[in-house]
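Visitor: I have just opened this structure and would like to learn how to read it. Could you take me through a few residues and a pocket?

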Amino acid sequence: MTRRILIVEDDASTATYLAKGLAEAGYLVEQAHDGRDGLFLASEGVFDLIVADRMLPGLDGLAMISAIRAAGIATPTLILSALATVDNRVDGLKAGADDYLCKPFSFAELSARVEALVRRSDRAVPEPQKTKLAVGDLEIDLLARHVVRAGKTIPLGAREFNLLEFLARHAGQVVTRTMMLEKIWNYHFDPGSNVVDVHIGRLRRKLEDGFATPILHTVRGAGYRLSPEG
């Protein structure tokens, strides 16, 4: 099976060099020249690998990769960058990249890394790549970070959206405070505050005020459940 690679690179000569070399190696190659176009193409979920520059116009490479991961798209991603410090590489991996190659690089090394990432992808169990979630009359667009309930747009802050996404991915299940602290706040301990309850309260008001039925339920002594049913 011919593998498809998306190259996201704004430097024309580098993009041409990469596309030519990877095509000669037997890959089908598509290109985008800024982060927004790269995100749009990546969201189709049809690529076996994404090779992306870090410094991109429109949307930088790290933000693009973070948005791809937030949408549940697991396509392996290799960052190319002239930013070569340890902190730079760590930032790239934390954003969701699978590998980080510093410029200038040899094509032989790039090719070896591409092959390794594609092999890793082959071994992974494929999962549906969702860009939207729905719970009852609540619709969540993960790429646009847009929320609608019964046709009405609900504006959410960044933390509220992340909290809602986490609840929606576990729709119908009880989500504990500990789970939310670890996933949303990156706390691996209970800080002894009511931060979860405060944010849940704000989120519930936005999701339920003006609507006939509740959707975010408190499970006494356990946590919370997002469900159209009580």
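Visitor: Which residues is H199 in contact with, leaving aside its neighbours within four places in sequence?

Guide: Contact means heavy atoms within 4.5 Å. With neighbours within four places in sequence left aside, H199 is in contact with R159, L163 and W185. Before we go on, this is a predicted model, in which local features need pLDDT of at least 70 and side-chain atom pairs count only at pLDDT 80 or more, while totals for chains, interfaces and linings use all residues. Residues are numbered from 1 along each chain as its sequence is written, and side-chain values use heavy atoms, with hydrogens and water left out.

Visitor: Where is H199 placed?

Guide: Helices (DSSP runs of H or I, at least four residues) and strands (runs of E, at least two) are numbered from the N terminus. H199 sits in helix α8, residues 195–208.

Visitor: Is H199 buried or exposed?

Guide: Buried means under 20% relative accessible area, exposed over 50%, and partly exposed in between, using a 1.4 Å probe and protein chains only. H199 has a relative accessible area of 15%, so it is buried.

Visitor: What does the side chain of H199 reach?

Guide: A polar contact is a pair of N or O atoms within 3.5 Å; within protein, one must be able to donate a hydrogen and the other to accept it, and residues adjacent in sequence count only if both atoms are side-chain atoms. Here the H199 side chain reaches the backbone oxygen of V195 at 3.0 Å.

Visitor: Which side chain of opposite charge is nearest to D34?

Guide: For charges, Lys and Arg count as positive and Asp and Glu as negative, with His and the chain ends not counted. A salt bridge is a side-chain nitrogen of Lys or Arg within 4 Å of a carboxyl oxygen of Asp or Glu. D34 is buried yet has no salt bridge, and R36, the nearest side chain of opposite charge, is 6.2 Å away.

Visitor: Now the pocket. Which residues line the second largest pocket?

Guide: On a 1 Å grid over the protein atoms alone, a cavity is a set of points where a 1.4 Å probe fits but cannot get out, and a pocket is an open set with protein on both sides within 12 Å along at least five of seven lines; lining residues have an atom within 4 Å of a point. In this case the lining includes R69, R145, E165 and K183. Of the helices, α6 gives the most to this lining, with 4 residues.

Visitor: Why does E165 count as buried?

Guide: E165 counts as buried because its relative accessibility is 11%. This residue lies in helix α6, and E165 touches A70, L133 and L142, not counting residues up to four places away in sequence.

Visitor: What about V114, and which residues is V114 in contact with?

Guide: V114 is found in helix α5, residues 107–123, and is buried, with a relative accessible area of 0%. Leaving aside neighbours within four places in sequence, V114 is in contact with I5, L22, Y27, L49 and L78.
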